[in-house]
Amino acid sequence: MAFSLNKIMLIGNLGGDAETRFTTNNVSVTTFSLATTRSYKGRDGNWVNETTWHNVVAYNLSDFYKDALKKGKKFYIEGRLSKRDYEDKNGIKRYFTEVVAEQLIPLDGREAPPETGGGDMPDDTPNMEAGQDEDLPF
């Protein structure tokens, strides 16, 4: 397996059940948050746990993944970072960074996926990096 420098790999637990919506082009967009925790010794010699929350988006996932992505479940996520911006209702420009999942693997051991992998972003999906989220209902 070849690794690319622009890939991100995370292991963590879902912060809530995934939500799936559809674009006007009928592309399924599944979003969820993933918590990763890093442990290290602080200056005082005591262990410190530092949790980071990641916004994750996956396109055209199978029903298996939509059902498996539940609060507390542990997953390996591989993908890429994507930045976009939008203007909120008050006219303020907001910036948003998310992980676009390309591979999802459940790690709880209770469920085995029919195949590994995330949903592929179809060619007609809006370019999320350009901030073109007009087509997305969220």
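Asp 88 counts as buried at 19% relative accessibility, where buried means under 20% relative accessible area, exposed over 50% and partly exposed in between (1.4 Å probe, protein chains only). The model is predicted, so local features need pLDDT of at least 70 and side-chain atom pairs count only at pLDDT 80 or more, while totals for chains, interfaces and linings use all residues. Residues are numbered from 1 along each chain as its sequence is written, and side-chain values use heavy atoms, with hydrogens and water left out. Helices (H or I, at least four residues) and strands (E, at least two) are DSSP runs, numbered from the N terminus.

**Salt bridges**

- The structure holds seven salt bridges, each defined as a side-chain nitrogen of Lys or Arg within 4 Å of a carboxyl oxygen of Asp or Glu.
- Asp 88 is the partner of Arg 94 in one of them, with the closest N and O atoms 3.0 Å apart. Arg 94 is partly exposed, at a relative accessible area of 37%.
- Another salt bridge joins the side chains of Lys 7 and Glu 102 (2.1 Å, N to O). Lys 7 lies in the segment before strand S1 (8-14) and Glu 102 in strand S6 (residues 93-106), so this pair ties together parts that are 95 residues apart in sequence.
- Lys 7 is partly exposed at 32% relative accessibility, and Glu 102 is partly exposed at 29%.
- A network of salt bridges links Lys 7, Arg 80 and Glu 102.
- Glu 19 and Arg 21 also form a salt bridge, their closest N and O atoms being 2.9 Å apart. Glu 19 is partly exposed at 43% relative accessible area, and Arg 21 is partly exposed at 30%.

**Strand pairing**

- Strands S3 (residues 28-41) and S4 (residues 47-59) pair in the antiparallel sense over 13 bridges; two strands pair if DSSP finds at least two bridges between them.
- S3 and S4 form a hairpin with five residues between them, and Gly 45 in the turn has a positive phi of about 90 degrees.
- S4 also pairs with S6, in the parallel sense and over two bridges.
- Val 57 in S4 stands opposite Thr 31, and Val 57 also stands opposite Val 100 in S6.

**Nonpolar cores**

- The largest nonpolar core has 16 residues, and those with the most contacts inside it are Phe 32, Val 56, Leu 69, Phe 75, Ile 77 and Leu 104. Such a core is a set of buried Ala, Val, Leu, Ile, Met, Phe, Trp, Tyr and Cys residues joined through side-chain atoms within 4.5 Å.
- Two or more residues of this core come from each of S1, S3, S4, helix H1 (63-68), strand S5 (74-87) and S6. S6 gives the largest share, three residues.
- A second, separate core of five residues includes Val 27, Val 29, Val 57 and Tyr 59.
- Beyond its neighbours within four places in sequence, Ile 77 is in contact (heavy atoms within 4.5 Å) with residues including Ile 8, Leu 10, Phe 32, Val 56, Val 99 and Leu 104.

- Most residues other than glycine have a negative phi.
- Asn 26 has a positive phi of about 65 degrees. Asn 26 is found in the loop between strand S2 (19-22) and S3, and counts as exposed at 59% relative accessibility.
- Asn 60 has a positive phi near 50 degrees. Asn 60 sits in the loop between S4 and H1, and is partly exposed at 36% relative accessible area.
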